[in-house]
Amino acid sequence: MWFDPRTVCFEEDPYPLYRRLRDEFPVYRWQDGERSLWILSRYDDVNEALGDWRTFSSVDSMSDRRPAPGARGAADGHQLITSDPPHHDDLRRVVREYFSPKAIQPLEGKIEREVGLRLPGLRSRETIDVAGDFAWPMTLAIISDIIGIPEEDRSDVLSWYQTAEYSEAADRSAQALSSYTDYFDQLGSERLARPRDDLISHLMKAVARADVSRPDALLLCKDLFEGGVDVPANLIANAVLALADHPHQRAYLADGDLARVRVGIEELARFDSPIQSIPRVTSDSIRRRGVVIPRGAIVLLMLGAANRDERRFADPDALDVSRPATRNVAFGAGVHFCIGAPLARLQARVALPELFAAIPDYEVVAPVERPRSEVMRALLNLELAVPAGKARVGVSSR
Ligand code: HEM
């Protein structure tokens, strides 16, 4: 099997496979036993499908997978990412004020402090795990503050989530999933009894007013936790890895010029997108590029392939942080466009210049190992070696 959607996300270099898909099989049917998927890989096809929720529904789009941690209990509730309008919009309305650019901007100082906290260790260390000791703890702190997860619980919650999502041992994963789900359930009950000024209390008040069901509210909370910790950490770690061989581009970003950094983040999200694919289900039979996809088919929209489509991006396999921004689909499009995009962009805008200013020179310590995932191009660890005498701390011209 030359193309396997179950393993492509953690290939060292999936991009030649995607090129072949786009060129030779733009509508590709993949089958293994009972499991059958249709794969779209060209930018125009992916973008069009993202924008057409009536034909490409999100309901039951993940029915062929092991449930994601947030989806446990989904039998009783609806997830944002597996709902269509109007229910999707009702759910999203409950939390959107927490993630608007206006709500996010005041977090900049907090993000700077979190980033700064994790850089001083570099002075005395030759190596740093820029995923496990920098990106993940930073995103964990920020999303936990928003949701209202107490500091003393955060490392447990993260460890349950990572085990449930990425462990290959089914029993460990199931156990972690159970602890993770129970935790949010208990936190919800606590905040229902004693509300605070945080997102989970806000959700529980909405439950008390019957604006949203309790299962829906808890699923929403878990989705936001996962989106908020995992994806931005991978955006940052993938960016650091992609820039390992591009010292001039790092220096360009370290300069901290806001307009430059904004454009650079979009290019880094395009180049090695954390979310590589998004599933949908066809609500009708459709014809694309001469191929008929039947009603009820699961269609994988390959964001990672679309973002490297030469029909859309000139010289797409070249990383160029000064490339004039042309909209890509790293954050999705249409009604499910990432609710956390303003926050994720702000985190990356703060973290990357600070990091490159603090460590202008680094080498990636091989081998780089990605955890197994059908969706996420993830890095739980990314060990960098700082050449002796090269570390600088807290230097930023931002
Ligand atoms: C603060 C960080 C983040 C949070 C809280 C977050 C949360 C979410 C949530 C809740 C959704 C579902 C929205 C809906 O269905 O209406 C979503 C969608 C999405 N997010 Fe994020 N996210 C974050 C960061 C990121 C990053 C860094 C990327 C990639 C660069 C990303 C890519 C996406 C994509 C592709 C979708 C669309 C899913 C679909 O179409 O079904 N997210 N995000």
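Reader: Hi! How many salt bridges turn up in the whole structure?
Author: Hello! A search of this predicted model finds 29 salt bridges.

Reader: Nice. Which residue does glutamate 310 meet in a salt bridge?
Author: Its side chain meets that of arginine 19, at 2.9 Å from N to O. The two sit 291 residues apart, with glutamate 310 in the loop between H13 and H14 and arginine 19 in helix H1.

Reader: Are those two buried, exposed or partly exposed?
Author: Glutamate 310 is partly exposed, at 28% relative accessible area, and arginine 19 is partly exposed as well, at 30%.

Reader: Which residues are linked with them in a network of salt bridges?
Author: The network includes Arg22, Asp23, Arg308, Asp309, Arg311 and Asp317, along with Arg19 and Glu310.

Reader: What about arginine 377, which residue does it meet?
Author: Arginine 377 and aspartate 272 form a salt bridge at 2.6 Å, N to O. This pair links distant parts of the chain, 105 residues apart: arginine 377 lies in the loop between strands E9 and E10, aspartate 272 in the loop between helix H12 and strand E5.

Reader: And why does arginine 377 count as buried?
Author: Because its relative accessibility is 2%, and buried means under 20%. Aspartate 272 counts as buried too, at 7%.

Reader: Switching topic: which protein donor does the iron atom of the ligand have?
Author: Cys338 is the only one, through SG at 2.3 Å.

Reader: Where is cysteine 338 found?
Author: Cysteine 338 is in the loop between helix H13 (303–306) and helix H14 (341–358). Glutamate 310, from the salt bridge with arginine 19, is also in the loop between H13 and H14.

Conventions
Residues numbered from 1 in each chain as written. Predicted model: local features only at pLDDT ≥ 70, side-chain atom pairs only at ≥ 80, totals over all residues. Heavy atoms only, no water. Donors = N, O, S within 2.8 Å, 3.2 Å for Na, K, Ca; no water. Helix = DSSP H or I, 4+ residues; strand = E, 2+ residues; numbered from the N terminus. Salt bridge = Lys/Arg side-chain N within 4 Å of Asp/Glu carboxyl O. Buried < 20%, exposed > 50% of the residue type's maximum accessible area, 1.4 Å probe, protein only.
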